[in-house]
Amino acid sequence: MDDFQDKKKYEAEIYQQWLDKKCFEPTYNFDKNFSICIPPPNVTGSLHMGHALNNTIQDILIRYHRMNGHNTLWQPGTDHAGIATQMVVERNLAEENIYRKDLTREQFIEKVWEWKEESGSTIINQLKRLGSSADWSRERFTMDEGLSEAVRKVFVSLYKEGLIYKDQALVNWDTKFKTAISDLEVIQTDVSTKLYYIKYLASNGEYITVATIRPETIFGDMAIAVNQKDERFNHLKDITFGVPLTDRKIPLIFDDYSDPEKGSGAVKITPAHDFNDFDVSKRHNLELLNILNEDGCLNENCSSDYIGLDRFEARKKIVKELDSMGLIEKVEDYKTTIPYGDRSNTVIEPYLTFQWYCNAKELAKEAITAVKSKKTEFFPSNWDKTYFQWMENIRPWCISRQIWWGHQIPIWYGPDGKVFCAETEELARAEAVDYYKADKIILKRDKDVLDTWFSSALWPFSTLGWPENNKVLDNFYPNSVLVTGFDIIFFWVARMMMMGNKFMKETPFKTVYIHALVRDEKGQKMSKSKGNVIDPLEIIDRYGSDTLRFTLTSLNTPGRDLRLSEQRIAGYRNFITKVVNAFKYAEFKNVYPLKNQTKIEVKNIFNLWILDELQKTNKEIQKLYQGYLFHEVANKLYHFTWHSFCDWYIEISKTLLDGDDREETAYTFHLVFNSLLQLLHPIVPFITEKLWQKNNHTILMTTQWEEININIDQNSLEKANLFISFVEEIRSLEKLFEIKKDEKIELYSPDAQLQEILSFNKDIFEFMTRKKLKNSSIGNSVTLPFKDKEFQILFENLDFEKIKEKLSKNKINLDKEEVSISRNLSNTNFIEKAPEDLIDQNTSRLEAIKLELIKINSILSNI
């Protein structure tokens, strides 16, 4: 097997070499620092294409800065993922007929740690296969001792400042896991259900009809609301209404929340089971009545016939009983969205309960200022609007969860319910002893754990050793860049900004880079149910990590979702193959590796030309890296590698390496190929490292980029570019005239400059065009224009009438296409509604048509 065929083998070998040489660990050799903290994947997770894109971008940034004079740290780690991990462990234990209810809290936590040690490194190993050059020696876990200490310290500090408090309010309640969950863990799902129109009888004999999709919450109704501008209900202002199936009376209230245009214009207000109703209740001082147990069954606040019934069974029974009483006016089919738990797949209930909250509004002030003052900048910049919109309307953050796996809240209660908040039980006990003036105090710890996002909010500084001061924290906080998806700006980015500015007195990131979603080739979100998921690990097995990385980078246009297909991936595999074939050619020609690497003065115009192309590419991609335009970096490197280097320079070198300029060309080839491997390395690290070590005794990923700064004679460049343009022109004519490969053709240019360049490089020209260059004017030839010059061409067996006919037809078709595209691009309606990429395609095609027509018209006038 070819040395390059078994990608899995050589990628693993190279990665192990990097690990053995400690290449990922930061050095302190430079004046500048660059750091990234990885968005910690869930410890339960497995690599998906979103992870692959996110970590490819991070790795590109880290490798680029590592090779460009920075002390670099990519801080890795995983998140304990409270509910997700508890669910996985409970499911695994159930297979062994072990259930959480049969275990103590300590026994269950021990089982979770056992699972973590056995299975928790899956996604880390998968990230290594992608080529991630994070400093694994510093790998952290949100439940490890150091981070746990940071969590406790932050909680106690915020509590003592009054920024953490306990309150009764509505939360997203998961009835399966019996815990509050965050908005991020709620999936709004489109459903078809029933809308029930229920009569509420008034004390004056009238009634109001109220529409609801949740009749089971009727026992918690505290009012009926109508809009204060809705005059239909003015006469009922002081009338009370009976709650069906109960003996309770509720008032009619007037509030802007009710929309006169919807339904009957009246809505029932159930403050303990609806977020909007809860807000209404505050404005009108309504009582809060919870009618559900933690498991979603109706509780003792309901009529006796319904106590203990599951909420959906209760719905059926309530509707049946109301119908028998004549209180159901009508029932309609209704489409709406219902909140489901992303883990439990059960309907989420707004639920009234006591929870711990964090005053996010206060913490948000500094975080908002940091972005407004440009201490932290979003890329693309439009995402700061999303950030401000959420931060300026932020609500109290519910930070408690009713599960066992997580950071247990550092709160202890005395015998009379007195609260003691301390970092350890010993400190809490000392406070209690001092408070009660007694030696033996029984303290009970709060059972709740913290929201997973609480510990994640400390990630940029807790992973660097805070609260202890150390060299790593001093050098690498604040982080240089955060790379993340837009979907967690609210849940993670905003909270890190709040905590970083609060506890470090400095914003945690200089730049927040927001990347798009990876979708399928049709632009649809990938999902198992649609069967359109592309597994990155399968792609790596089939095509290699470098191919996947280069594909994702090339398609990652800021502001647009990335459309991915295996066909695109297979296409970029050819690029990696092109690089390998360039090496094989160099190896065959004995120019890479190169034994004699002594510096040689470069004079040949084509050697100067490729060096100039390299220097321009290098300068361009340096700017693109600074602007986070990674897709353009990839595309510039693709063009230079495939076209400038392989299509042109390698083809030209086939002649040069067999002539008088061999030594100079070998030196130039070696210099350019070495530089190319360095430029490509951040995106395609494996193949470049492998090829580099065929020639060099160093490790590429830690080798500093060498600035190539050769003063190149402009006259030589003009000659080389003129030669290349003329070869392109001849190839274009071949295609246009459908010239056969064995067709004998002679060429001559009466232009002295062009003829001199062609004559001086006659062997190269004839090798690349398979055409005969003459030294003097050719009889019976056709004279054709080229730039501001002209040339003569003699065809042995060409039918010019046939060519004229073909070109004329082409001209007619192109004229029609030009008119059609021009019409579209001048149509305001098309510009406003068409996708951006379609407009770009039309614009590019129009330019190409115009150039083609100029050429055809010129040829027709000269034949």
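Ala, Val, Leu, Ile, Met, Phe, Trp, Tyr, Cys and Pro count here as nonpolar, Asp, Glu, Lys and Arg as charged, and the others, Gly among them, as polar.

**View 1. Lining of the second largest pocket in the predicted model.** With a volume of about 1,400 Å³, the second largest pocket is lined by 42 residues, of which Ile-213, Arg-214, Tyr-257, Asp-274 and Thr-336 lie nearest its centre. Among the elements that give two or more residues to this lining are strand E7 (186-201), strand E13 (328-341) and helix H8 (311-324). By class, the lining residues divide into 18 nonpolar, 15 polar and nine charged.

**View 2. The salt bridge between Arg-542 and Glu-566.** The two side chains meet at 2.6 Å, N to O, and because Arg-542 lies in helix H16 (residues 536-543) and Glu-566 in helix H18 (residues 566-588), the pair ties together parts that are 24 residues apart in sequence. Arg-542 is partly exposed, at 43% relative accessible area, and Glu-566 is likewise partly exposed, at 32%.

**View 3. The salt bridge between Glu-836 and Arg-560.** Here the N to O distance is 3.4 Å; Glu-836 belongs to helix H28 (residues 836-862) and Arg-560 to the loop between helix H17 (545-555) and strand E25 (562-564), so the pair ties together parts that are 276 residues apart in sequence. Glu-836 is exposed, with a relative accessibility of 54%, whereas Arg-560, at 28%, is partly exposed.

**View 4. The salt bridge between Lys-811 and Asp-815 within helix H26.** The closest N and O atoms are 3.1 Å apart, and the two residues, four apart in helix H26 (residues 800-825), are separated by about one helical turn. Lys-811 is partly exposed at 25% relative accessibility, as is Asp-815 at 26%.

Terms used
Residues are numbered from 1 along each chain as its sequence is written. This is a predicted model: local features need pLDDT of at least 70, side-chain atom pairs count only at pLDDT 80 or more; totals for chains, interfaces and linings use all residues. Side-chain values use heavy atoms; hydrogens and water are left out. On a 1 Å grid over the protein atoms alone, a cavity is a set of points where a 1.4 Å probe fits but cannot get out, and a pocket is an open set with protein on both sides within 12 Å along at least five of seven lines; lining residues have an atom within 4 Å of a point. Grid points are joined across faces, edges and corners, and a volume is the space filled by probe spheres set on the points. A salt bridge is a side-chain nitrogen of Lys or Arg within 4 Å of a carboxyl oxygen of Asp or Glu. Buried means under 20% relative accessible area, exposed over 50%, partly exposed in between (1.4 Å probe, protein chains only).
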